[in-house]
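Subject: Structure for your review

Dear colleague,

Please find the structure below, followed by an account of what was found in it. I would be grateful if you could read the two side by side.

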Amino acid sequence: MTVPGIGAAHSFCFQADQLLKRTFQNLEINALNDTELQDLHELVIAEQNSRNRVGNDDDIELF
């Protein structure tokens with residue numbers, strides 16, 4: 001495995017590096033400022049609510 005900016009690493013070290021960065025699909029969550037993090041949180045909540053909604057309402061829940 002290769003850790004960008006560090007070099008070759010054991011797979012355990014690579015996984016540890018990824019966990020410390022808190023990345024998800026190339027999105028470095030710890031690089032977001034507080035406003036961006038809050039916006040992301042609201043988008044995730046809205047998407048979860050949309051997927052869990054019962055019925056055929058096409059309305060999006062805003063909060």
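Helices (H or I, at least four residues) and strands (E, at least two) are taken here as DSSP runs, numbered from the N terminus. This is a predicted model, in which local features need pLDDT of at least 70 and side-chain atom pairs count only at pLDDT 80 or more, while totals for chains, interfaces and linings use all residues. Residues are numbered from 1 along each chain as its sequence is written, and side-chain values use heavy atoms, with hydrogens and water left out.

Overall picture

The protein has 2 helices and 4 strands, in the order β-β-α-β-β-α from the N terminus. Of its 63 residues, 3% count as buried (under 20% relative accessible area; exposed is over 50% and partly exposed lies in between, with a 1.4 Å probe and protein chains only). The accessible surface comes to about 5,700 Å², and carbon and sulfur atoms account for 54% of that area (Shrake-Rupley method, 1.4 Å probe; for residues, only the protein chains shown count as cover).

Helix 2

A search of the whole structure finds 1 salt bridge (a side-chain nitrogen of Lys or Arg within 4 Å of a carboxyl oxygen of Asp or Glu). It joins Arg51 to Glu47, with the closest N and O atoms 2.7 Å apart. Because they are 4 residues apart in helix 2 (residues 34-52), Arg51 and Glu47 are separated by about one helical turn. Arg51 is exposed, at 65% relative accessible area, whereas Glu47 is partly exposed, at 38%.

Helix 2 itself has 19 residues and spans 27 Å from first to last C-alpha, close to the 27 Å expected at 1.5 Å a residue (1.5 Å times one less than the number of residues).

Lys21 lies in helix 1 (residues 11-21) and is partly exposed, with a relative accessibility of 23%. Leaving aside neighbours within four places in sequence, Lys21 is in contact with Pro4 and Asn30 (heavy atoms within 4.5 Å).

Gln25 is found in the loop between strand 3 (23-24) and strand 4 (27-28), and Asn26 has its place in the loop between strand 3 and strand 4. Most residues other than glycine have a negative phi. Phi of Gln25, however, is positive, near 45°, and that of Asn26 is positive at about 70°. Gln25 is exposed at 69% relative accessibility, and Asn26 is exposed at 80%.

Yours sincerely
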